[in-house]
Amino acid sequence: MNTNTDMHYLNLLSQSFPTVADAAKEIINLEAIMNLPKGTEHFLADIHGENEAFEHVLKNASGNIKRKVGEIFGNSIRESEKKELCTLIYYPEQKLELVKAVETDIDDWYHITIHQLVRVCRDVSSKYTRSKVRKSLPEEFSYIIEELLHERTDDQNKAAYVNVIVDTIISTGRADDFIIALCNVIQRLAIDQLHILGDIYDRGPGAHIIMDVMRRYQSWDIQWGNHDMLWMGAAAGNDACICNVLRLSLRYANLATLEDGYGINLVPLATFALDTYGDDPCTEFMPKVLKPGRMDDKTLQLVGKMHKAISIIQFKEEARIFHRRPEWLMEDRCLLEHIDPERRVCTISGRDYEMNDCNFPTIFPTPHPTSPISPSCPSSPSSPSFDLTPEEASLMEKLHHSFRVSEKLRKHIRTILSHGCMYTICNQNLLYHASVPLNDDGTLKDVEILGQKYQGRQLMSYIGQLVRAAFESDTEPELKAYAKDYFLYLWCGKDSPLFDKSKMATFERYFLTDRETYKEEKGAYFRLRDEPQVCDRILDAFGVKGRNRHIINGHVPVHASKGENPIKAGGRLMVIDGGFSEAYHSETGIAGYTLVYHSRGFELVQHEPFTSTKDAISRGTDIKSTTQIVEMSAHRMLVADTDKGEELRAQVADLRELLHAYRHGIIKEKRS
């Protein structure tokens, strides 16, 4: 050995492997693992609260389970039977109830079904070690499932043994529990690693349900998206983020996540909205209700008033931060300060733009009811107030408190923090949600934070540290205050890797009639990302090596209905936001992409809209998916070809050093 450090490390290693036999056994084990097929990675992006579709995609592994059932049983069973078996695997508890209600010989059905499920489980577990499979098994059935997976009825010596195991499961009344356990194991083993490329939150009704699923999920990571960051900012106490969260929820008539999921009390907001905007039709603030009948007219009117109320407070809260952080160069977004209600215009860059609504009672006092001036366009007072009114300030205190005391929200944000970051590099793939800020010539852009300039990987890493600083109790107060404010910049700042546009035109869309003002010019990244050399430059900057390296991200929906291809830059970039959210279906023409990376290569799965969990259970409807082969490997990839393989090779090298030390008396074996 060359150094004291090496000796110290080997002595520590010898505590785990105290003898030559122990070290040799582990080397054999690790070398064998490296020659197993690579586990299946599953990539999803921009889920946006669509919990039913998300859970179904997890359960069917983007169609992978259906494909395996087809391969295993071929023509030996009917298509309808394969469909029933798949539905059972996806939703075992619910499907069992339906089967028992109609099946005349339930014991026979149990016997056939258990054998079928064992065959499927054997197939999905074949690429893993027995140890890894064992860790995935429920404790109460671990031994039984292991026996069934490794014994076959076509072995005459074991046929009776296997059949008696199944018969006894049925006769002891444990068949239902066993089937449920087996189906859950199949789901678990069908996906080795799940990557979520951001935006769990907003638009759809069940972000909190998705987070409950993820807290129980076995192996996953997330690259934070702009909508996730908004909720993280709200949880950290950024009032502008709280307003944005509320505004988006009201815009999409999605109150379930707020009220049912996190216990946010919206009564104070409703009361304030009725008191302040009771006579205002709030036409531009009527929510986007995608499914007819979701809300009655009275509720819609109330939501519209709440929507306007929180939007005005949002613009005020944002302006406070923009003025506090002039280095962000965002004070031009304080547009409330440029309204002339008497002329019904907003002045932007020296040009007047007509407004469709100039009723701002919390900025410009509403005229007396006897005044001839319409309340929809009050006269301009001599000194308008752009600060929160006492009533708005009181409301924000209540809303701030409601977000800060939500224990479930805290748990979910902690989960996102512990499993997430701004980017991840995994198996020669660079994952991030939206962009890497670039200059117009395609070089990495310097972004200044707290007087220091960062770009590329360094920028993403520092932002990750800043985000975590907002939640750490020992963060220096001044840094913590900046970190809390910075959530707003990450949401809508020009050089934010999660936004990367010239502006967020929320105010313009609500209040101005000129649609030209709605345009949000995308940053250079989005204009240049189709160029292979630009993607290569980004991959080089992040240290991603290998011939088959890729960037995988989401954020901007791919318009499949208009012929847009999600595979860009000669295959170097894969954009997998196909519009998971129901709000995007009419725009993109599909209901999202998922990417599957298994031992034979990449497959992109394009999904049609999911009807409902109820339909999937009762009628056996699955998400109709189209698979596109993106890139296939010349040889079947093994664990040795992955990042895990690199780790295992390093461990083997260390163990061989330990063997050398044992055999040459440098370290003594520790025999009991």
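Trainee: Where is Thr475 placed?

Mentor: Thr475 sits in the loop between helix H20 (456–469) and helix H21 (477–492). Helices (H or I, at least four residues) and strands (E, at least two) are DSSP runs, numbered from the N terminus. The model is predicted: local features need pLDDT of at least 70, side-chain atom pairs count only at pLDDT 80 or more, and totals for chains, interfaces and linings use all residues. Residues are numbered from 1 along each chain as its sequence is written, and side-chain values use heavy atoms, with hydrogens and water left out.

Trainee: Why does Thr475 count as buried?

Mentor: Buried means under 20% relative accessible area, exposed over 50%, and partly exposed in between (1.4 Å probe, protein chains only). Thr475 has 13% relative accessibility and therefore counts as buried.

Trainee: What lies 2.7 Å from a polar atom of the Thr475 side chain?

Mentor: The backbone oxygen of Ala469 is at that distance, 2.7 Å. The backbone oxygen of Glu472 lies 3.3 Å from a polar atom of the Thr475 side chain. A polar contact is a pair of N or O atoms within 3.5 Å; within protein, one must be able to donate a hydrogen and the other to accept it, and residues adjacent in sequence count only if both atoms are side-chain atoms.

Trainee: Which residues does Thr475 touch, not counting those up to four places away in sequence?

Mentor: They are Ala469 and Lys480, where contact means heavy atoms within 4.5 Å.

Trainee: Why is Gln428 called partly exposed?

Mentor: Gln428 has a relative accessible area of 30%, so the term is partly exposed. Gln428 lies in the loop between strand S8 (423–426) and strand S9 (429–432).

Trainee: What makes the phi of Gln428 worth noting?

Mentor: Phi is positive, about 65 degrees, although Gln428 is not a glycine. Most residues other than glycine have a negative phi. Asp46 also has a positive phi, near 55 degrees, and lies in the loop between strand S1 (41–44) and helix H3 (51–60).

Trainee: Is Asp46 buried or exposed, and why?

Mentor: Asp46 has a relative accessible area of 0%, and therefore is buried.

Trainee: Why does the radius of gyration of the protein agree with that of a compact globule?

Mentor: The radius of gyration is taken over C-alpha atoms, and the globule rule is 2.2 Å times the number of residues to the power 0.38. With 672 residues, the rule gives a value near 26 Å; the protein has 29 Å, which agrees.
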